[in-house]
Amino acid sequence: MKRSTKPIIDKAGTGKPVPLYGPEEFAAMHRAGRLAAATLDHVTPHVRPGVTTGELDRIVDAFMREHGGVPATLGYRGYPKSCCISVNHVVNHGIPSDDKTLREGDIVNIDVTVILDGWYGDTSRMFLVGERVPVKARKLVEVTFEAMWAGIRAVRPGATLGDVGHAIQTVAERNRFSVVRDFVGHGLGRVFHDAPEVRHYGRPGEGLLLVPGMLFTIEPMINAGRPEVKILGDGWTTVTRDRSLSAQFEHTVGVTEDGVEVFTLSPKGWHKPPYD
Ligand code: MF3
Ligand code: CO
Ligand code: CO
């Protein structure tokens, strides 16, 4: 079947055209995505009580560069570090610091974005610090992982982004957790943030119709309490307003002829914690 050349507009989201990509571009995304995922694998054994998030950031930066990549976040809109590290009630965009030490019982998201040969790979995972993470926090991490995968499994030609958001929201709310509305997944390719906007909530059948060749992230942020967030005075760090715990996982995906390709799967098979 001949593919339509009429631009597809992200009406429900950015209002911008949604770029479509072919097999060679998918292959380049696969390489970038694999480096992003390998970066998370590499930092995993270092995520322990007593390490600072500043030290983890240096480990991430060095690994990306050793493998021919560049950290996309460094200097992006003035962001000062090579990844984002968000601990406990921090929702996203936590800035790594030598003054922030991880403690037994913390839950932590590390979000890495690498540019490899001009293509972006964007992925994040949760980590449990030490052996004594409270049951409720573990449950939040588990449910957030399941919610992300419910969204990924909804991706196929003919489905809509409303189907994807609905799948994620259903898993979160069934467990009496809430979906953050203020941040969304995004198209990406040779740019970091592009159309479409990918909401992690929604109604079946609504929103953008998915077609082969689309590239975007799915990156739900799920709160143990209420969904509202606020951004701190540094202009980046986002926290839950009620100081409840928050979790997030992220994959970069592409819509294929018969479903979905996930570019950021862990080469070591470290998909969800515990990773040992
Ligand atoms: N990696 C984040 C995302 O998933 C974006 C971080 S932008 C930064 O979209 F500037 F905060 F690093
Ligand atoms: Co992203
Ligand atoms: Co990210």
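Predicted model: local features only at pLDDT ≥ 70, side-chain atom pairs only at ≥ 80, totals over all residues.

Tutor: Residues are numbered from 1 along each chain as its sequence is written, chains are lettered from A and ligands numbered from 1 in the order in which they are written, and side-chain values use heavy atoms, with hydrogens and water left out.

Student: Which residue bridges the cobalt ion (ligand 2) and the cobalt ion (ligand 3)?

Tutor: The cobalt ion (ligand 2) is coordinated by Asp122 (OD), His186 (NE2), Glu219 (OE) and Glu250 (OE) at 2.0 to 2.2 Å. The protein donors of the cobalt ion (ligand 3), at 2.0 to 2.4 Å, are Asp111 (OD), Asp111 (OD), Asp122 (OD) and Glu250 (OE). The two ions lie 3.3 Å apart, and the residue that bridges them is Asp122.

Student: Why is the arrangement around the cobalt ion (ligand 2) irregular?

Tutor: Six donors count as octahedral if opposite donors are over 155 degrees apart and all others between 65 and 115. Around the cobalt ion (ligand 2), the arrangement is irregular because the 6 donor atoms subtend angles of 51 to 163 degrees.

Student: How much of the accessible area of ligand 1 does the protein cover?

Tutor: An oxygen atom of ligand 1 is 3.0 Å from an N or O atom in the side chain of His186, and a nitrogen atom of ligand 1 is 3.1 Å from an N or O atom in the side chain of Thr113. On its own, ligand 1 has 330 Å² of accessible area (Shrake-Rupley method, 1.4 Å probe), and the share of this that the protein covers is 97%.

Student: How do the residues of the shell around ligand 1 divide?

Tutor: Ligand 1 is surrounded by 14 residues (a heavy atom within 4 Å), and the closest are Thr73, His186, His193, Glu219 and Glu250. The shell divides into 5 nonpolar, 5 polar and 4 charged.

How values were computed: Polar contact = N/O pair within 3.5 Å; in protein donor to acceptor, adjacent residues only side chain to side chain. Nonpolar A, V, L, I, M, F, W, Y, C, P; charged D, E, K, R; others polar. Donors = N, O, S within 2.8 Å, 3.2 Å for Na, K, Ca; no water. Tetrahedral: all angles 85-135°; square planar, octahedral: opposite > 155°, others 65-115°.
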